[in-house]
Amino acid sequence: MRQFQHYIGGTFSDGATQFDSRDPATGAVWAKMPEARAIDVNAAVKAARTALLAPDWANMTATMRGKLLYRLADLVAENAHSLAELETRDTGKIIRETSAQIAYVADYYRYYAGLADKIEGAHLPIDKPDMEVWLRREPVGVVAAVVPWNSQLFLSAVKIGPALAAGCTVVLKASEDGPAPMLEFASIFDQAGFPPGVLNIVTGFGPECGAVLTSHPEVDHVAFTGGPDTARHIVRNSAENLASTSLELGGKSPFIVFDDADIESAVNAQVSGIFAATGQSCVAGSRLVIADKIKDEFLTRLIEKANEIVIGAPDDPQTEVGPLCTQAQLAAATELVSDSIVAGATVLAGGQPLDRDGNYFPPTIIDCSKAPNAPCLTREAFGPILSVVSFETEAQAVQIANDTAFGLASGVFTKDLTRAHRMIRNLKAGIVWVNTYRAVSPIAPFGGHGLSGHGREGGLQAALDYTRVKSVWLRT
Ligand code: NAD
């Protein structure tokens, strides 16, 4: 059985205790994970604080930090295969997706490597002839990064990359569900040549490991990705210490199709928009908002494609939808569908767990036209469940799309350019994709508002958010 270790202060160690990791495709225990308790978390934060102040990191030039991040990006690319395999094994995310995503992970590290020496201060033209005033940008300090199981290598890269580019040090808590890829990443990071303690990686359970980390008095900033309920804990934890936070949370993103849209392209985008990552994606286009005129044609094509999706073992390259990560996710998906049926919704495809080992739930489509209060319209499924509502007018489409406490992503399919612009203006979301869905780039900021959180990952702004400004006044 594989055994994994924590990475603290540049050395690998066992946790205070261990816990089992289950293969989502079979339900069998396949690895032992170290469990970080308070003692391990305290050691990791201490290592990060020591590294922050140590001359080999504190005095390292931004150019040199960039070089180390380039080296890390190369190492990630060299080890892409084994990282993807481990992520697939421990989380059930299919191998096609983990293999494709790991290339992005290397790109994000490269992007922040290039940004390291472009995080500039400013000279201020103060109205005093004998005074020089400028702004220095300094690292915010020790960062606690907390990530969920889905896409951990990616979700940690968008935190570690900008934080290290800015000169911070990091303690990353990998999810207790599927931590293997992050613990393996530690050994890759270790080869890049960063001073010990610049990055520390632990895993463990939220209420102990996560809570001790995010409330730690030596943590200056908490970068969190996960659900809104956990985010409330995180904000309360960090409030004790008044640490700043950035929160990347869930979504209930509308996928809006007008009657002039290219139907084939919209259907294909909707299929991957909701069923990729088995629906376990914060930006999943989980509410189809469809023009009445084309509803029947669109749904016929969509259901056909949903039923053709190849469901199978996550390590099989032919598989298009794999298992959900945990049994709890499977139970939540099942409950969401049955609660929605009780509320009057109609299941058009899928709807029940598959009768086989592992956490398999099929691509599911639910018509909520006669069930405006169906919970699948408001509750994040984090599974392959698409709810459908229709509209007659553009104003109705906007009203339905914005009828959510979340505000992460949205998609609009139309050939009418002026309408596209009106939708861009009126949609309540941090991302609007027009005639495309799910496109990402290290250069483009990513994030939402409302129950989807605050702060942005990706782009220059994310690196600036890991700095704080010092105003300097010098009498000449
Ligand atoms: P979660 O909130 O349950 O857990 C996320 C992390 O928080 C885990 O590492 C967990 O151990 C930790 N945690 C739990 N309780 C804690 C506590 N009291 N204090 C500190 N840490 C604690 O999320 P999940 O169920 O693992 O992941 C799914 C959620 O993540 C969904 O809502 C999804 O939309 C969201 N998500 C958002 C994005 C984004 O970029 N916006 C990306 C991926 C996932």
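The model is predicted: local features need pLDDT of at least 70, side-chain atom pairs count only at pLDDT 80 or more, and totals for chains, interfaces and linings use all residues. Residues are numbered from 1 along each chain as its sequence is written.

**Domains**

The chain splits into domain 1 (2–249 + 448–473) and domain 2 (254–434). These bounds come from an automatic or database domain assignment. Taken over C-alpha atoms, the centres of domain 1 and domain 2 are 31 Å apart. Domain 1 gives 22 residues to the contact, and domain 2 gives 24 residues. Two residues are in contact if their C-beta atoms, placed from the backbone, lie within 7 Å.

On the domain 1 side, α4 (80–91) and α5 (95–115) are the elements that give two or more residues. The largest share, three residues, comes from α5. By class, this side of domain 1 has six nonpolar, eleven polar and five charged residues. Here Ala, Val, Leu, Ile, Met, Phe, Trp, Tyr, Cys and Pro count as nonpolar, Asp, Glu, Lys and Arg as charged, and the others, Gly among them, as polar. Helices (H or I, at least four residues) and strands (E, at least two) are DSSP runs, numbered from the N terminus.

An unreviewed UniProt entry carries the annotation "domain: Aldehyde dehydrogenase" over residues 17–472. UniProt positions follow the numbering used here, feature names are shortened, and annotations may be inferred rather than shown by experiment. The span 17–472 is 40% helix and 20% strand, and its end C-alpha atoms lie 48 Å apart.

**The sheets**

Two strands pair if DSSP finds at least two bridges between them.

Another open sheet has seven strands, ordered β15-β16-β17-β14-β13-β18-β19, and its pairing is mixed. β15 (346–349) and β19 (431–434) stand at the edges with a single partner strand each, so one side of each has no neighbour in the sheet. Neighbouring strands here are turned by 25° against each other on average, direction ignored.

| Pair | Sense | Bridges | Opposite residues |
|---|---|---|---|
| β4 (17–22) and β5 (29–35) | antiparallel | six | Ser21 and Ala31 |
| β1 and β5 | parallel | two | Gln3 and Lys32 |
| β13 (254–257) and β14 (287–291) | parallel | four | Phe255 and Leu288 |

β4 and β5 form a hairpin with six residues between the strands. In this hairpin, Gly27 takes a positive phi near 85°.

**A helix pair**

Helix α3 (residues 62–78) packs against helix α6 (residues 152–165) at an angle of about 155°, with their axes 9 Å apart. Axes are lines fitted to C-alpha atoms, for helices over the stretch in contact, and angles run from 0 to 180 degrees between N-to-C directions. α3 and α6 are therefore roughly antiparallel to each other. Angles under 35 degrees count as roughly parallel, over 145 as roughly antiparallel, 65 to 115 as roughly perpendicular and the rest as oblique.

Arg65, Gly66 and Leu69 of α3 meet Gly161, Leu164 and Ala165 of α6. This contact has three nonpolar, two polar and one charged residues.
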